[in-house]
Amino acid sequence: MAEVSALSSGALMRRGPYISMITNRTMNLLIRAAMLFMVGVFLALVLNLLQVQRNVTLFPPDVISSIFSSAWWVPPCCGTAAALIGLLYPCMDRRLGEPHKLKREWSNVMRCVAVFVGINHASAKVDFANNVQLSLTLAALSVGLWWTFDRSRSGFGLGVVIAILATLATQLLVYNGVFQYTSPDFLYIRSWLPCIFFAGVITVGNIGRQLALYEYKVSQEKTHQD
């Protein structure tokens, strides 16, 4: 019995660090997801305010229910999407073995956010001769944002795929009358919308990478201390 007890206690001692590691990893994942969700909600409120103020997007009066004149479901949806994208980017980097080559600093991430807000601001407030000119300008700015702050093939590929899916989802929402765009020129939406989605994906992906890097640095410091 003593030997069995000793073996059991030895097994628990060996499993202890592993269980602790799994618990910490899960907790860190949840914390990152919550932070990304809040970032997505904040960006949705601010950016949608720009669109509504310029009458680029129109919501029916009965669904406008916040001080930012945004439908109640827009911020949670954007927050959820931001959490998924922000967690997916560092995961894809590890899976593909493609480390991020550019400088990883919070100041760089904040510059990326500022450029993304500027691109969205341009789509709402800068007047162009026609929609084609606006769409080409925003496409160039979005690719420039990727080149300046990302430059990874996985980042570009995920940005394109998610932008296409988001555009299709928006088409369905507008088709079903959930909201509408003024002067649509690409089926039911504006032709520059995929550029905004692409730039948003790159921006949230960079935030997710930075949060994952911070978590990795903290875990490494704890390992060295132990």
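Let's start inside the protein: F116 touches L43, L47, L145, I196, A199, G200 and T203, leaving aside residues up to four places away in sequence. Here, contact means heavy atoms within 4.5 Å. This is a predicted model, where local features need pLDDT of at least 70 and side-chain atom pairs need 80 or more, while totals for chains, interfaces and linings use all residues. Numbering runs from 1 along each chain as its sequence is written, and side-chain values use heavy atoms, without hydrogens or water.

F116, L138 and L145 touch the most other members of the largest nonpolar core, which has 42 residues. Such a core is a set of buried Ala, Val, Leu, Ile, Met, Phe, Trp, Tyr and Cys residues joined through side-chain atoms within 4.5 Å. Buried means under 20% relative accessible area, exposed means over 50%, and partly exposed is in between (1.4 Å probe, protein chains only). At least two core residues come from each of α1 (2-53), α2 (74-96), α3 (106-125), α4 (131-149), α5 and α6 (193-225), and α6 gives the most, with 10. Helices are DSSP runs (H or I, at least four residues), strands are E runs of at least two, and both are numbered from the N terminus.

## Charges on the inside

Side chains of opposite charge can pair when their charged atoms come close. A salt bridge puts a side-chain nitrogen of Lys or Arg within 4 Å of a carboxyl oxygen of Asp or Glu, and this structure holds 2 of them.

In one, the side chains of D93 and R209 meet at 2.7 Å, N to O. D93 sits in helix α2 and R209 in helix α6, so this pair ties together parts 116 residues apart in sequence. In the other, R209 meets D150 at 2.9 Å, N to O; D150 is in the loop between α4 and α5, 59 residues from R209. D93 and R209 are buried, D150 is buried too, and salt bridges link D93, D150 and R209 in a network.

## Out on the surface

Helix α5 (residues 153-175) supplies the largest share, 6 residues. L165 is in helix α5, and counts as exposed because its relative accessible area is 53%.

Over in helix α1 is I31, which is partly exposed at 42% relative accessibility. I31 and L211 are 180 residues apart in sequence, but 9.7 Å apart in space, C-alpha to C-alpha.
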